[in-house]
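Me: I would like to go through this model at the level of single residues, with the cut-offs stated as we go. Please begin with the core.

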Amino acid sequence: PAGAEFSPRTVTEPVQLVDLLPTMTALFGLETPDGVDGVSLEPLMRGGSVAKRPTFAQDSDGNIMCIVEDGYKLHLWYDTEDSSFKPYSYFHVDDDPGEMENLWKNDPPRRAAKMFERTQDYIDAHKELEQGGVGTVFDYEVEILETLGYL
């Protein structure tokens, strides 16, 4: 917007939707609640950078996930028989942006196994949060939703 302290820019660092809440709380001078995933993108808005980190994505049904880290992408699918995610494809997206050569099928590299472990840790952490009562709506959240016209 006119008069804003930030100018439009394109960033190359991967970001995630979970970064929106920490970004908004930082911009409004608020603290991000404990247990929130993501990082503030405010440094990127000012022309800086954020720490490198793996990024996760999931389809709308929650049956397919991927992790992207250091130029590699690992795809996982949800096996309903044993209720777990299984790796099925792995690409070096810096060298193979079209994801044509699946490096997983012949001999899964050690890096892919580490990425799978990080993804499993991510999944396990979110299961714990879900079981711990995530979804509780606090009074201030209701007030914000009412102010925005959602309630």
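Me: Which residues make up the largest nonpolar core?

Reply: The model is predicted, so local features need pLDDT of at least 70 and side-chain atom pairs count only at pLDDT 80 or more, while totals for chains, interfaces and linings use all residues. Residues are numbered from 1 along each chain as its sequence is written, and side-chain values use heavy atoms, with hydrogens and water left out. A nonpolar core is a set of buried Ala, Val, Leu, Ile, Met, Phe, Trp, Tyr and Cys residues joined through side-chain atoms within 4.5 Å, where buried means under 20% relative accessible area, exposed over 50% and partly exposed in between (1.4 Å probe, protein chains only). The largest such core has twelve residues in all: Phe 56, Met 65, Ile 67, Tyr 72, Leu 74, Leu 76, Phe 85, Tyr 90, Trp 104, Ala 112, Met 115 and Ile 123.

Me: Which elements give two or more residues to this core?

Reply: Helices (H or I, at least four residues) and strands (E, at least two) are DSSP runs, numbered from the N terminus. Along the sequence they follow the pattern α-α-β-β-β-β-α-α. The elements that give two or more residues to the core are β2, β3, β4 and α3 (110-131).

Me: In which sense do β1 and β2 pair?

Reply: Two strands pair if DSSP finds at least two bridges between them. Phe 56 stands opposite Ile 67 in β2, and β1 and β2 form a hairpin with five residues between them. Over four bridges, strand β1 (residues 55-58) and strand β2 (residues 64-69) pair in the sense called antiparallel.

Me: Why is the pair of Tyr 72 and Tyr 90 classed as it is?

Reply: Rings of Phe, Tyr and Trp (its six-membered ring) pair if their centres lie within 6.5 Å, and planes under 30 degrees apart count as stacked, over 60 as edge-to-face and the rest as tilted. By this rule the count comes to two aromatic pairs. The rings of Tyr 72 and Tyr 90 have centres 5.5 Å apart and planes at 10 degrees, so this pair is stacked.

Me: And how are the rings of Tyr 78 and Phe 85 arranged?

Reply: Tyr 78 is partly exposed, with a relative accessible area of 28%, whereas Phe 85 is buried at 9%. Because their ring centres lie 5.2 Å apart with planes at 65 degrees, the pair of Tyr 78 and Phe 85 is edge-to-face.
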